[in-house]
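Please read them with the structure open beside you.

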Amino acid sequence: MYKAVDLYYTKGHAQKIIAEELNISVSTVSRLLKRAEECGAVTIHLAPEIEQTVALEAELNRVLPIREVIVAPSDSTSPLDSRLSVALEGARHLQNTIKDGDVIGMCNGGTVRYLIQYLNPCRKVHTTFVMLHGALNSPNYQEQMQENMAAISNVFGGKKYLPNFDAYIPDGSAYEYAKSHPNTKLLQQLYEKVDVSVSGVGALYPECDSALSNPLMAGDPAVSEFLRTQKPCGDILLRFFDADGRECTVGHGVRVMTIEFDVYRRIPTKIVVAAGEKKARACIAAVRGGLVDVLIIDRPLAKKILALYSERQDSF
């Protein structure tokens with residue numbers, strides 16, 4: 001028994017190789033390894049980092065009223081490393097979730113872009129991909145959207161649909177034209193059919209950590225006043241929401257080319273990826289508002305959410 005244990009656990013040999021070396025069957029090797037665990041000859045311990053992650057994940061799944069919370073094992077002080085860790089877990093979950101024929105709604109957030117890069121190109125399920133919002137007025141944003149949609153549709157093998165218009169249209173007549181355009185009508189029909197969505201979440205309180213803090217609102221006094229007076233908690237898919245996850249529309253909502261909140265809420269599986277403890281209150285608000293079904297986060301954010309929950313246990 002101990003020889004088999006040494007070869008398997010210490011030297012890392014496969015059970016088939018061990019069977020050949022000891023001149024026994026593979027099933028006998030399996031029984032020996034099981035007996036070694038039962039009699040205490042072998043004990044298996046999780047690394048402290050993984051053990052903490054598992055505990056955080058279990059506690060969040062207990063207190064948050066959503067389908068699932070996944071905690072990525074990252075305590076890195078580097079925002080990029082945290083994003084990459086969350087993106088990897090997000091890619092794994094997405095590939096296990098998507099089914100043949102699904103309609104997948106995407107956003108163009110930073111963590112989502114990394115998630116797409118981690119996807120396994122060997123699994124083809126012939127899905128339809130639709131971008132859930134228009135392009136922000138920032139350098140290379142439209143190009144990034146096209147590249148990301150091309151990449152994910154190539155991974156899974158499916159069609160892709162993108163908006164023809166910018167996300168934010170200050171002029172009322174231009175906005176009405178965009179809303180009535182055939183491309184927009186087609187996207188609205190697809191939005192109603194989305195089975196799975198993938199998005200990030202931005203934070204605006206107590207500290208700003210949002211892609212919308214500059215490009216969307218630049219040069220519009222009405223929007224600046226809205227942010228100053230209404231103090232939205234966060235944003236998702238270019239729509240602001242308050243501490244209860246309700247949309248804040250004053251001064252801005254009617255001019256944004258993105259999926260409607262009510263339509264978004266009806267999506268059966270809403271995956272949200274986020275990293276960094278600054279986003280804790282925004283994540284809690286998104287949970288309250290029914291804006292997330294599967295929350296994929298890093299450890300610092302998980303700890304912060306639990307800390308806020310412990311301060312007021314009726315938060316959810």
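1. In what follows, contact means heavy atoms within 4.5 Å. The model is a predicted one, and the points below should be read with that in mind.

2. On the α5 side of its contact with α6, the residues involved are L80, R83, L84, V86, A87, L88, G90, A91, L94 and Q95, and on the α6 side they meet G110, T111, Y114, L115 and Y118. Sorted by class, this contact consists of ten nonpolar, four polar and one charged residues.

3. As for the geometry of this pair, helix α5, which spans residues 79–97, packs against helix α6, residues 110–118, at an angle of about 55 degrees, and their axes lie 8 Å apart. The two helices are therefore oblique to each other, and α5 passes α6 in a right-handed crossing.

4. A second pair is formed by helix α12 (residues 280–288) and helix α13 (residues 299–311), whose axes are 9 Å apart and which pack at an angle of about 65 degrees. Because angles of 65 to 115 degrees count as roughly perpendicular, α12 is described as roughly perpendicular to α13. The crossing of α12 and α13 is right-handed.

5. Which residues bring α12 and α13 together in contact? From α12 they are A280, R281, C283 and I284, which meet L301, K304, I305 and L308 of α13.

Terms used. Residues are numbered from 1 along each chain as its sequence is written. This is a predicted model: local features need pLDDT of at least 70, side-chain atom pairs count only at pLDDT 80 or more; totals for chains, interfaces and linings use all residues. Side-chain values use heavy atoms; hydrogens and water are left out. Axes are lines fitted to C-alpha atoms, for helices over the stretch in contact, and angles run from 0 to 180 degrees between N-to-C directions. Helices (H or I, at least four residues) and strands (E, at least two) are DSSP runs, numbered from the N terminus. Angles under 35 degrees count as roughly parallel, over 145 as roughly antiparallel, 65 to 115 as roughly perpendicular and the rest as oblique. A crossing is left-handed if the near helix is turned anticlockwise from the far one by less than a right angle, and right-handed if clockwise. Ala, Val, Leu, Ile, Met, Phe, Trp, Tyr, Cys and Pro count as nonpolar, Asp, Glu, Lys and Arg as charged, and the others, Gly among them, as polar.
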